[in-house]
Amino acid sequence: MKKPTDWIAVDWGTTRLRAWAMDHENQPVDQASSLKGMGKIDKSAFEPALLELIEPWLGEKPTNVIACGMVGAKQGWAEAPYCAVPAKPLGQQLAQAPAQDPRLRVHVISGLKQLHPADVMRGEETQIAGLLAQHPDFDGVLCLPGTHTKWARVSAGEVVSFATCMTGELFEVLSRHSVLRHSVDSETWDDAAFSQGVVEAIAKPQALALRLFSIRAESVLNGINPAGSRSRLSGILIGAELAAMRGYWLGTDIGIVGEQQLCQAYAHALQDQGAVARFFDAEAMTLAG
C-alpha cells in the first residue's frame, strides 16, 4: 500500500512491534511487524524502528499513531503514567512521544497498576477495552496468556483487580536454558501429556520443583519422547498457575484473550477442571481497543 492512511494503530511489546494502517471507519487496511520490541532497542531507536514499518502509509500531513504496550514503560519511548484500579481500562489521558519527523503524532496509552498486592500491566488494558467495546455487559474474569499472563476481574466496565503470572517466561527459560532443554526439543504436541502435567500440578502445586526434574528423569530412564516432555512441562506450569489463580476463575464467566494456540492450551487446562472459557482473538481485541 503506497497511500496515506487515516491513522495508525501500534502494539509495541517487549519482543515485537506490530502496526496496522487504519481507515476512516477504524478498519485495518494494511499491517506490518518486526522483532524490534522495546527490550531490544534504546530510546533513540524507537522512531527509526517505527518509520521502518509505517513510512509507506504516511502522507505530507501529520498522522496520528496510537500505541499501546511496553512502548509506554519507563524504558520505552515515552513513559505513560499508570492508572490505579479499579478503573476503566482506558481511563487515563494519552502521553505524547517526542517524534522528530513532522509526519508523526505519536500518542501512548497508559497502563494499569494495582497497589496491593503490587502489580502492573501494559498492553493488556487495550485488549480488555476492546473486549468491553464489543461485549459491554461482560462481567467475570479475563485471562490474557503470554510471556506474563494476566488475570483480570472485570465488572461494570472496569478492571477491579488483576494478577500476573510469569508462566510464559518460565517455560521459555526452562525449555531453552535449563537441563530440561535436552528433553523438550520438539515443536509437536501431546494432549495426554499436557493434561497429565496440569492434573499433577493442580493436585500438588507445592511439588513444582520436584515435578520439573522428573521430566528429565523420565526422558533419560523411560525414553519419554520430546513432544511428551515438552507438553508435560507446559501442563505443569499452566497447572501451577491455575492452582494459584483458583480464586479468580472458579465459578465465574471466563474469557481468554490471546493467540489461538496458547489460548487453546489454557482452555484445555480449564476444561480439565470443569471450567468453560470463551476465546477472543488478541489482534481483534487490540484493534477494537
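I count a residue as buried when its relative accessible area is under 20%. The model is predicted.

**Strand β1**

I started with β1, residues 7-12. I found 6 of its 6 residues buried.

Next I looked up the partners of β1. Strand β2 (residues 17-22) runs antiparallel to β1, joined by 6 bridges. The two make a hairpin, with 4 residues between them. Strand β4 (residues 63-69) also pairs with β1, in the parallel sense, over 6 bridges.

I followed Asp 11 across the pairings. In β2 it stands opposite Arg 18. In β4 its bridge partner is Cys 68.

**Cysteines**

I took a disulfide as two cysteine sulfur atoms within 2.5 Å. The count came to 0 disulfides. Cys 68 is in none, and its nearest cysteine sulfur, that of Cys 83, is 16 Å away. Cys 68 counts as buried because its relative accessibility is 2%.

Cys 143 has 0% relative accessibility, so I logged it as buried.

**The sheet with Cys 83**

Cys 83 stands opposite Leu 112 in β8. I traced the open sheet of 3 strands, ordered β5-β8-β9, and noted mixed pairing. β5 (83-84) and β9 (119-121) are at the edges with a single partner strand each, so one side of each has no neighbour in the sheet. β5 pairs with β8 (residues 112-114) in the parallel sense, over 2 bridges.

Technical notes: Residues numbered from 1 in each chain as written. Predicted model: local features only at pLDDT ≥ 70, side-chain atom pairs only at ≥ 80, totals over all residues. Heavy atoms only, no water. Pairing = 2+ DSSP bridges. Buried < 20%, exposed > 50% of the residue type's maximum accessible area, 1.4 Å probe, protein only.
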